Amino acid sequence: NTKPAITGGAKLIERALAEATIQGGEGSASQPADSAAATSGAKRAGPYKHLMTGVSFMLPFVVAGGLLIALAFALGGIHANDAAAKGTLAYALFEIGAKGGFVLMVPALAGYIAYSVADRPGIAPGMIGGMLAANLQAGFLGGIAAGFIAGTTTAFLNRHIRLHRNLEGLKPVLILPLLATAVTGLLRSEERRVGKEGRSR
């Protein structure tokens, strides 16, 4: 609850100092089972947390796009998106909602799943992977897969690529997005090829 921090910050700090236990000290040592359970729960919550991060960032696109489409139909009726309605406000609102907001839902989902996994370097690979998934008509499941692939790849590369300290600044803005995007895109292309071969058989 944020209210105690706002109304009585000093008292809250005093209470925290009085009730806190030192990590690795008697307080934590006396409850090893609880600590282990908490660690296990945190591990289980990892993928769920990343997924919920992606969903929370995707929701504004869903809301904005859906409401714009609803307004278009309210103003122009069921035929608001027909070619005959081109040039009207209803048609313009429909285009913005359907071809702007809704188109970005899957890329936003994938991009921010990757962001949750690998921080800012994961955004570009995730969004590009999500756009590829949307173009392949893989839907939300394809976007989720692309987000986790991009985030995991970016985090792996970040851990294993070591550069001179003068070049370290290039990692988050150039090297990691470039390599992770290439890997994610190639994996999505390979999935599409395998899927086509499976359907043809």
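Reply: A residue counts as exposed when its relative accessible area is over 50%, as buried when that area is under 20%, and as partly exposed in between. Glu19 has a relative accessibility of 57%, and therefore counts as exposed. The model under discussion is a predicted one, and the values below are computed from it.

A search of the whole structure finds three salt bridges. Another of them joins Lys99 to Glu95, with an N to O distance of 3.3 Å. This pair lies in helix H5 (residues 89-101), where the two residues are again four apart, or about one turn of the helix. As for solvent, Lys99 counts as exposed because its relative accessibility is 57%. Glu95, by contrast, has a relative accessible area of 23% and is therefore partly exposed.

There is also the bridge between Glu168 and Lys171, whose closest N and O atoms are 3.3 Å apart. Here Glu168 is partly exposed, at 34% relative accessible area. Lys171 has a relative accessible area of 3%, which lies under the 20% limit, so this residue is buried.

The sequence around this last pair also contributes to a nonpolar surface patch. The patch is formed by Leu167, Leu170, Val173, Leu174, Leu178 and Leu179, which together have about 540 Å² of accessible area. Val173, one of its members, is located in helix H9, which runs over residues 170-200. With a relative accessibility of 65%, Val173 is above the 50% cut-off and so counts as exposed.

The setting for these details is a chain with nine helices and zero strands. Of its 201 residues, 28% count as buried. The accessible surface of the chain amounts to about 13000 Å², and carbon and sulfur atoms account for 65% of that area. Considering contacts between residues at least 6 apart in sequence, 63% join residues at least 24 apart.

Terms used:
Residues numbered from 1 in each chain as written. Predicted model: local features only at pLDDT ≥ 70, side-chain atom pairs only at ≥ 80, totals over all residues. Heavy atoms only, no water. Patch = residues over 30% accessible without salt bridge, like charges linked within 9 Å, V, L, I, M, F, W, Y side chains within 5 Å. Areas by Shrake-Rupley, 256 points an atom, 1.4 Å probe, with all protein chains shown as cover. Salt bridge = Lys/Arg side-chain N within 4 Å of Asp/Glu carboxyl O. Buried < 20%, exposed > 50% of the residue type's maximum accessible area, 1.4 Å probe, protein only. Contact = heavy atoms within 4.5 Å.
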